[in-house]
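Here is a short report on a structure.

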Amino acid sequence: MNMKCRMIALGMLIVAALTGLGAASMAAPAPAVQKLLPGNNDVAGFKIVAKTLTYGKGVDVSKVYNGGYELYTKNGVVDVVKQMYQRESEYAEVTVHTMKSTKAALDFVNYWAKQRETKSAAIAGIGTGFSVTKPSVMSYYAMGKYFVTVSAYYPAEKSVKETAAFATAVKKRIKA
Amino acid sequence: MIKLDRREFLGAIAGLGGALFLGGCGSRETQSAELPATRTTKYADNTLAVASGSDASALTRKAVDALGGMDKLVKSGDFVVVKPNIAWNQPPEVGATTNPEVVGEIVRMCKECGAGRILVIDHVIDRPAEMVLGLTGIMAAGKNAGAEVVAAQNESDFSRVEIAQGRAIKSDTCLKEILKADVFINAPIAKTHGATTLTLGMKNLMGCIWDRQSWHRSKLDQCIADYATIIRPDLTILDANRILLTGGPKGPGKTKAVGKVIAGVDPVAVDSYGAGLFEMSADDISHIRLAHEMGVGEMDLAKVTIKNV
């Protein structure tokens, strides 16, 4: 690399650094939906896995669902946040969607119930929802204008109950 | 006319992209155009091998053997990159990710041909990537068969490439390891997809790029076709042992045991055959039609020799 190229590269680095500093100082606050995610130990022993937080709004719902995102936006998802939790070798994933309305949240739970060939029901203290255990454990809930899913990647005997505990943790934050 | 083999061709593209990207300063990407030449394959371009049965590993081998065997493609000491679909945190039975038995058998065949290094890699979407590699079964299958299994997670894992024929995109990125490889094998699973109707071989190449969102914001099907004009696998092995009929790309949804593995050099022909498994035609899938129109391959299966085994 010759001297001219080195100078150009140095200049680009300085501009990038200044731009980065400026952006950092004006960092946007976390989206409201992100504050609904459970914290460390909200469910006994489960901690947030670093670098697993994903947020998307509008077309960026694709950050969570890739090509499947249009199903979500067409059904009323405004924005979505997802995070993974770990307790030793057990993992759970919580996804909270802001829906355009309470009805949209309920309709979307019922859509998924139909897809999973089951029915939703009122769940005390949480909202409306259902759980499936095959091929892996996953629970779906409507909580007001939020649509929440919890996936668990450990045996169903233990995890079904705990997906409800994650949902309860979200519900508490919605109420707060 | 000078003919370039796959690595020279991809290296030259990366070099051009890197040169433009970095304003002409000397770059690693430019140097990659100087990679030593390797021999070219070859299977017949216009032939598909379709293996049917119930044992995913055996089907994979049967399909490749019907094309002429892996030793027609992989030589002693080669660096082979295998690109399955490992995007999602789903167990194999969901049908959202490539069957690990297919991946394992591909690695075993390459190993038997004396491959020097075999890398199984994807740009994993779900997190943590290590968990995705584990839950899909691909980490164990790949490693046990003798490959390294890696999730690309950093922008530095990708190089810029130019897409001269591109209509929606004129440049993008590609996994550096693919650009360096002697042999690149694409190993997608056949499944439905919310945005592109189906995802088969060419759509699976979207896992070779860094910024997927840029395609979602653009004309997705055209981007897929554009990219297929420059990133051409030496072999596509389509896993259709169990296909995902609804809820794709991540699932879960309804699955169907089809019991097939399709192998071919022509990515458009492979995808065209794959569309038929969903009772669709290639014409129904925009990116297949667009890739055909751009000369990537043949979507009319009447013009393709199909070896059923």
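## Cavities

The second largest cavity holds about 40 Å³. A cavity here is a set of points on a 1 Å grid over the protein atoms alone where a 1.4 Å probe fits but cannot get out, and lining residues have an atom within 4 Å of a point. A volume is the space filled by probe spheres set on the points, which are joined across faces, edges and corners. The lining of this second largest cavity includes B:P92, B:D239 and B:R242.

The largest cavity has about 120 Å³ of space. Its lining counts 16 residues, with A:N66, B:N85, B:A87, B:K203 and B:N204 nearest the centre.

## Model and numbering

This is a predicted model, in which local features need pLDDT of at least 70, side-chain atom pairs count only at pLDDT 80 or more, and totals for chains, interfaces and linings use all residues. Residues are numbered from 1 along each chain as its sequence is written, chains are lettered from A and ligands numbered from 1 in the order in which they are written, and side-chain values use heavy atoms, leaving out hydrogens and water.

## Chain contact

Chain A brings 29 residues to the contact, and chain B brings 29 residues. Contact means heavy atoms within 4.5 Å. The two chains bury about 2100 Å² between them, 62% of it on carbon and sulfur atoms. Buried area is the accessible area (1.4 Å probe) lost on being put together, summed over both parts.

Between chain A and chain B there are 3 salt bridges. Each needs a side-chain nitrogen of Lys or Arg within 4 Å of a carboxyl oxygen of Asp or Glu. B:R217 pairs in this way with A:D60, their closest N and O atoms 2.9 Å apart.

Methods: On a 1 Å grid over the protein atoms alone, a cavity is a set of points where a 1.4 Å probe fits but cannot get out, and a pocket is an open set with protein on both sides within 12 Å along at least five of seven lines; lining residues have an atom within 4 Å of a point.
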